[in-house]
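Please look over the sequence and the structure shown here before reading the briefing that follows. The points are grouped by topic.

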Amino acid sequence: MRTINFTPPFATSGYTFFGSINGLVCLSGYHDRSVCICNPVTKEYVKLPKFSRDSDSDQYFPWARGFGYLPLTNEYKFVESIRLKTDLSIVEVGVYTFGSGNGWRNVGRFDLKCGDTLIDNGVFVNGALYWVNKTGGVVFVFDLTEEKFREQISPHPKPTGWWHGYSIGVLGGALYYAIEHGYQLNESTSDIWLLKGKNDSHDMKEQVHQETLGWSHEFSYPEKKTIFLGKGWRCFTFLLLVSWHL
């Protein structure tokens with residue numbers, strides 16, 4: 001293991017990490033939302049132009065973004081979307097394919113009926129980008145090959161608890177779905193689910209069609225979180241216990 005120093009080409013020091021594929025790293029500046037793909041080893045990078053939108057710049061909210069790769073066509077793609085202020089259910093999507101020379105392509109508007117959503121950056125798995133609504137648990141799926149949204153994936157029924165939190169990521173080449181729930185802020189349980197297709201296949205076409213996918217419960221773990229009290233910042237013990245259910 002070695003340390004590589006690379007300074008992202010942004011006006012400010014803050015930036016967001018969108019993912020790393022085949023040694024290429026995708027980053028975005030905090031303030032201007034500019035995007036670059038870089039090779040930290042060679043120090044080479046490509047900075048994307050701004051997404052040219054059909055909508056007036058004052059009539060939209062920034063929404064989902066993500067970075068992915070299609071091995072069959074050797075294409076790296078960045079997806080950016082906005083929600084219209086006049087109708088929050090309508091999402092307008094732009095796709096930038098690196099090296100194509102076409103720049104941004106507006107691939108259309110989609111009625112997702114997403115309402116009031118809070119999402120993180122997209123998670124790329126097997127030909128699709130996924131975003132989870134952190135307040136409601138619904139998963140949005142964008143097919144990078146067909147460049148359109150698929151049917152939304154419903155969350156697993158809520159477990160017991162006064163509060164719930166949702167997150168997604170990649171585990172063993174599949175999309176994982178985590179539901180954190182509890183009755184107290186410093187104690188909770190997280191249930192981890194994997195999105196699997198028929199016969200546990202991870203084929204790209206199966207992964208982007210909801211009808212072949214289903215949630216499989218993998219494991220749960222309870223935890224007591226570190227909490228700080230008083231001016232002395234007194235710290236209590238952090239406990240993490242993992243129990244596997246295979």
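A residue is called buried when its relative accessible area is under 20%, exposed when over 50%, and partly exposed in between, using a 1.4 Å probe and protein chains only. This is a predicted model, in which local features need pLDDT of at least 70 and side-chain atom pairs count only at pLDDT 80 or more, while totals for chains, interfaces and linings use all residues. Residues are numbered from 1 along each chain as its sequence is written, and side-chain values use heavy atoms, with hydrogens and water left out.

**Backbone angles**

- Glu147 is buried, with a relative accessible area of 12%, and has a phi near 55 degrees, a positive value in a residue other than glycine.
- Glu147 belongs to the loop between strand E11 (139–143) and E12, where strands (E, at least two residues) and helices (H or I, at least four) are DSSP runs numbered from the N terminus.
- Asn22 also has a positive phi, near 55 degrees, and is placed in the loop between E1 and E2, where Asn22 counts as exposed at 56% relative accessibility.
- As background, most residues other than glycine have a negative phi.

**Cysteines**

- Zero disulfides are found in a search of the whole structure, a disulfide being a pair of cysteine sulfur atoms within 2.5 Å.
- The closest cysteine sulfur to that of Cys26 is in Cys36, at 7.2 Å, which is too far for a bond, and Cys26 is buried with a relative accessible area of 0%.
- For Cys38, which is in no disulfide, the nearest cysteine sulfur is that of Cys36, 4.8 Å away, and Cys38 counts as buried at 1% relative accessibility.

**Aromatic rings**

- The count of aromatic pairs comes to 13, where rings of Phe, Tyr and Trp (its six-membered ring) pair if their centres lie within 6.5 Å, and planes under 30 degrees apart count as stacked, over 60 as edge-to-face and the rest as tilted.
- Trp131 and Phe149 form a tilted pair, because their ring centres are 6.1 Å apart and their planes stand at 45 degrees.
- Trp131 lies in strand E10 (residues 128–132) and Phe149 in strand E12 (residues 148–149), so this pair ties together parts that are 18 residues apart in sequence, and both Trp131 and Phe149 are buried.
- Phe149 also pairs with Phe142, with ring centres 5.1 Å apart and planes at 75 degrees, so that pair is edge-to-face, and Phe142 is buried, as is Phe149.
- A cluster linked by ring pairs includes Phe18, Phe51, Phe67, Tyr69 and Trp104.
- Lys85 lies over the face of Phe61, at 5.2 Å from the ring centre, by the rule that NZ of Lys or CZ of Arg is within 6 Å of the ring centre and within 35 degrees of the ring normal.

**The largest pocket**

- The largest pocket has a volume of about 270 Å³, a volume being the space filled by probe spheres set on grid points that are joined across faces, edges and corners.
- On a 1 Å grid over the protein atoms alone, a pocket is an open set of points with protein on both sides within 12 Å along at least five of seven lines, and lining residues have an atom within 4 Å of a point.
- The lining has 16 residues, of which Arg33, Trp63, Arg65, Ile119 and Asn121 lie nearest the centre of the largest pocket.
- Strand E1 (15–21), strand E2 (24–29) and strand E5 (60–70) are the elements that give two or more residues to this lining, and E5 gives the most, with four residues.

Notes. 1 Å grid on protein atoms, 1.4 Å probe; cavity = no way out; pocket = protein on both sides within 12 Å on 5 of 7 lines; lining within 4 Å.
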